[in-house]
Amino acid sequence: MDYKNKVILITGASSGIGRATALALAKFQNKIILTARRENLLQEVSKEITKLGSDCITFVGDGRDESHAEFVIQEIVKKYGKIDIALLNIGIGPPSNTLTSSAKTILECMNINYSSLINFYVPLMRQMKKQKEVCMISHMNSLATYFGIPMQGDYTASKGAARLFLETARMELEHFGFKHIRIQTIHPGFVDTDAVKNDGIPAPNQISEDEAASLVLKGIKKEWKENRFPFGTALATRIGRIVPLWLRTKILLSETPKNF
Ligand SMILES: NC(=O)c1ccc[n+]([C@@H]2O[C@H](COP(=O)([O-])OP(=O)(O)OC[C@H]3O[C@@H](n4cnc5c(N)ncnc54)[C@H](OP(=O)(O)O)[C@@H]3O)[C@@H](O)[C@H]2O)c1
């Protein structure tokens, strides 16, 4: 769908892919609404967006807090009457170890990656069902969503849950006749953001934040249900899904550091 003169929510926009995508969208006279916890960074992004010719408002809050998400959606609708595109981008993915991580650590990843998606999804869906024009919920998933990956057990589980939930939502929208709502999942490979710099996880074929942002915009324009990039990593993942489990395990372990 077109992304000019739209009302666009981006969650987790204080840094990384969310920030880069917000700045890319700022060149198209949009009304951009940003959320995250780090207020100072949000303010900086907001100023840059205004300079680039779009309006921007920010909401500081934690995506794990259902009332924060409800509040953000209500305020946007009060101000603009609608939401055209929601890019739900909040996520973390620090290296982890399924043999030693605490329950708290494992569940925190699920909470930030999955609960924050659902907290925004529910009021968004309630709102978008009332709208008549084409609108989109786009979720920042990952190519790590399709199978287990050493050092990323809690992360792959949270992204897998999100993928299955939204795949179902897409089917149910069709079943119940809400043809104007698009559900998109975005599956980047490795993107060079501060969050993953020096995290020790092998990152072949890594792309920059700006490259990721332009591929995100391309996917929105084309309304792809699943936007997988970059090509090489997306292809390797596709092959990885069909090879036997023993072979996939061997390949993934060959890339895994001995100590983590
Ligand atoms: N980098 C990669 O290689 C890669 C690859 C595939 C997918 N992804 C996905 O892309 C998304 C962005 O990641 P990134 O690499 O750009 O990392 P990032 O720079 O750390 O961005 C994460 C964003 O989420 C926000 N956030 C985190 N926890 C939050 C919480 N509890 N409540 C509200 N906001 C929260 C952060 O803001 P505050 O800390 O200010 O709250 C930040 O704006 C994630 O969903 C990630 O899984 C990244």
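**Ground rules.** I note that this is a predicted model, in which local features need pLDDT of at least 70 and side-chain atom pairs count only at pLDDT 80 or more, while totals for chains, interfaces and linings use all residues. Residues are numbered from 1 along each chain as its sequence is written, and side-chain values use heavy atoms, with hydrogens and water left out.

**Backbone entries.** As background, I wrote down that most residues other than glycine have a negative phi, and most peptide bonds are trans. N205 is not a glycine, yet its phi is positive, at about 60°. I then looked up its accessibility and found N205 partly exposed, with a relative accessible area of 44%, where buried means under 20%, exposed over 50% and partly exposed in between, for a 1.4 Å probe and protein chains only. M151, also not a glycine, has a positive phi of about 75°, and I located M151 in the loop between β5 and α5. M151 is buried, because its relative accessible area is 5%, and buried means under 20%.

I also looked at the peptide bond that joins F229 and P230, which is cis, with an omega of about -10°. P230 sits in the loop between β7 (226–229) and α7 (231–242).

**R38.** I found R38 in the loop between β2 and α2, and at 44% relative accessibility R38 counts as partly exposed. Leaving aside residues up to four places away in sequence, R38 touches S14 and S15, contact being heavy atoms within 4.5 Å. I also checked R38 against P230: the two are 192 residues apart along the chain, and their C-alpha atoms are separated by 29 Å.

Helix α1 covers residues 16–25, and I found it mostly covered, with nine of its ten residues buried; among them are G16, I17, G18 and L25. What covers these buried residues includes the strands β1 (7–11), β2 (31–36), β4 (85–88) and β5 (135–140), together with the helices α2 (39–51) and α6 (209–222).

I next looked up the largest nonpolar core, which has 32 residues; such a core is a set of buried Ala, Val, Leu, Ile, Met, Phe, Trp, Tyr and Cys residues joined through side-chain atoms within 4.5 Å. Inside this core, the residues with the most contacts are I10, L25, L34, I49, V216 and I220. Two or more residues each come from β1, α1, β2, α2, β4, β5 and α6, and α1 gives the largest share, six residues. A second, separate core has 29 residues, including L9, I33, L124 and L173. For I10, not counting residues up to four places away in sequence, I listed contacts that include G18, T21, A22 and L25, as well as L34 and L87.

**Cysteines.** How many disulfides does the structure hold? I found zero disulfides, a disulfide being a pair of cysteine sulfur atoms within 2.5 Å. C56 is buried at 16% relative accessible area, and C109 also counts as buried, at 2% relative accessibility.

On a 1 Å grid over the protein atoms alone, a cavity is a set of points where a 1.4 Å probe fits but cannot get out, and a pocket is an open set with protein on both sides within 12 Å along at least five of seven lines; lining residues have an atom within 4 Å of a point. Grid points are joined across faces, edges and corners, and a volume is the space filled by probe spheres set on the points.

I found one cavity of 30 Å³ or more, and the largest cavity holds about 30 Å³ of space. Its lining includes T11, N89, S116, F120 and H139, and helix α4 (residues 103–130) gives the most to this lining, three residues.

The second largest pocket has a volume of about 250 Å³. Of the 13 residues that line this pocket, I noted R170, I181, R182, I183 and K225 as the closest to its centre. The elements that give two or more residues to the lining are α5 (153–175) and β6 (181–188).

Terms used. Helix = DSSP H or I, 4+ residues; strand = E, 2+ residues; numbered from the N terminus.
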